[in-house]
Amino acid sequence: AWTNEPCKLQVQVYFTGEVSVVDRGSYQGHLRKDSGSKFKVDWGSSPVGEYSSYPLHSNNCSNGCFPLPADGGSCLCEANVEDLPFVSDLSGGQLPSEEALREALKIGSV
């Protein structure tokens, strides 16, 4: 890591499941709340009994997220950034195949 300071980012989650990165310390327009700079993430399957696998404004957000009423509603959530190796056990002496790595490694939500 280039700094020992923890990364303090937020994500704005829209009703479509798309997110925008929000950096409270940035002066960049695309990193501000309500920027509209959205990207898709893989939220996985919804938990049993739940309508959605991501926070929804219509459910008053959840998991420590805060509702934002503008533009039909969205949720502002703290993002946890972890810097971890994907492959840590090489006891078999072989790395996973390129195909397996491309399938498993995604940029965005896990």
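Tutor: Begin with contacts: a contact means heavy atoms within 4.5 Å. In this protein, among contacts between residues at least 6 apart in sequence, 34% join residues at least 24 apart. The model is predicted, so local features need pLDDT of at least 70 and side-chain atom pairs count only at pLDDT 80 or more, while totals for chains, interfaces and linings use all residues. Residues are numbered from 1 along each chain as its sequence is written, and side-chain values use heavy atoms, with hydrogens and water left out.

Student: How many helices and strands does the protein have, and what pattern do they follow along the sequence?

Tutor: Helices (H or I, at least four residues) and strands (E, at least two) are DSSP runs, numbered from the N terminus. Here there are one helix and four strands, and the sequence reads β-β-β-β-α.

Student: What is the strand order in the sheet?

Tutor: In general, strands of a sheet pair through backbone hydrogen bonds, either parallel or antiparallel. Two strands are called paired if DSSP finds at least two bridges between them. In this case four strands form an open sheet in the order E2-E1-E4-E3, with antiparallel pairing. E2 and E3 are the edge strands, each with a single partner, so one side of each has no neighbour in the sheet. On average, neighbouring strands of this sheet are turned by 30° against each other, direction ignored; the axes are lines fitted to C-alpha atoms, for helices over the stretch in contact, and angles run from 0 to 180 degrees between N-to-C directions.

Student: How many bridges join E3 and E4?

Tutor: E3 and E4 pair in the antiparallel sense over three bridges.

Student: Which residues line the largest cavity?

Tutor: On a 1 Å grid over the protein atoms alone, a cavity is a set of points where a 1.4 Å probe fits but cannot get out, and lining residues have an atom within 4 Å of a point. Grid points are joined across faces, edges and corners, and a volume is the space filled by probe spheres set on the points. A search of the whole structure finds one cavity of 30 Å³ or more, and the largest cavity has a volume of about 30 Å³. Its lining consists of Val13, Tyr14, Phe15, Pro55, Leu56, His57, Gly73, Ser74 and Cys75. Strand E1 (9-14) and strand E4 (74-79) each supply at least two residues of that lining.

Student: Is cysteine 75 buried or exposed?

Tutor: Buried means under 20% relative accessible area, exposed over 50%, and partly exposed in between (1.4 Å probe, protein chains only). Cysteine 75, found in strand E4, has 0% relative accessibility and therefore counts as buried. Beyond four places away in sequence, the residues that cysteine 75 touches include Val11, Cys61, Cys65 and Phe66. Of the 110 residues of the protein, 23% count as buried.

Student: Which residues have a positive phi although they are not glycines?

Tutor: Among them are aspartate 34, with a phi of about 65°, and cysteine 61, with a phi of about 60°. Aspartate 34 lies in the loop between strand E2 (19-22) and strand E3 (66-68), and cysteine 61 is found in the loop between E2 and E3. Aspartate 34 is partly exposed, with a relative accessible area of 36%, whereas cysteine 61, at 5%, counts as buried.

Key: On a 1 Å grid over the protein atoms alone, a cavity is a set of points where a 1.4 Å probe fits but cannot get out, and a pocket is an open set with protein on both sides within 12 Å along at least five of seven lines; lining residues have an atom within 4 Å of a point.
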